[in-house]
Amino acid sequence: MQAFRVFRVTAVAEAFSWTGLLVGMYLKHVSHTTDAGVWLFGRVHGALFVAYLAATLWVARTERWSLWRTGFALAASIPPLTTLLFERWVTRRRAPIAEPAPA
């Protein structure tokens with residue numbers, strides 16, 4: 001699987017796991033209903049956070065991103081849903097990859 005595709009999938013998945021974690025925190029701390037959402041999505045989000053960081057470093061090396069772009073990509077993992085915004089931004093600005101000619 002291509003590095004950029006893995007990066008895109010993990011960026012979107014990390015954003016969705018953030019959403020689940022935010023809902024779980026609302027249920028636990030505001031409505032005092034249950035803490036199951038924090039228990040589940042905390043673990044899922046933690047794993048996807050690490051996967052996003054690894055995918056970011058992989059794609060940065062593969063596509064020779066600048067230190068600034070790499071730094072912004074890594075920093076996007078901190079605020080909620082920012083990986084989704086960064087993924088959309090970098091996809092629009094990505095240089096087209098030439099497809100190999102059929103054999």
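This is a predicted model: local features need pLDDT of at least 70, side-chain atom pairs count only at pLDDT 80 or more; totals for chains, interfaces and linings use all residues.
I began with the largest nonpolar core, which has 14 residues; F4, F7, Y52, V59, W65, F86 and V90 have the most contacts inside it. Such a core is a set of buried Ala, Val, Leu, Ile, Met, Phe, Trp, Tyr and Cys residues joined through side-chain atoms within 4.5 Å. Helices α1 (3–29), α2 and α4 (82–93) each supply at least two of the core residues, and α1 gives the largest share, five residues. I took helices as DSSP runs (H or I, at least four residues) and strands likewise (E, at least two), numbered from the N terminus.

Residues are numbered from 1 along each chain as its sequence is written, and side-chain values use heavy atoms, with hydrogens and water left out.

Next I looked up F7: leaving aside residues up to four places away in sequence, F7 touches Y52, A55, T56, V59, W65, F86, E87 and V90; contact means heavy atoms within 4.5 Å.

Then I turned to W39, in helix α2 (residues 36–62). W39 is exposed, at 52% relative accessible area (exposed is over 50%, buried under 20%, partly exposed in between; 1.4 Å probe, protein chains only).

Last, I checked the UniProt record: its unreviewed entry annotates "transmembrane region" at residues 6–27 and 39–60, though annotations may be inferred rather than shown by experiment. I found residues 6–27 to be 100% helix, with end C-alpha atoms 31 Å apart; residues 39–60 are 100% helix, with ends 32 Å apart by C-alpha atoms.
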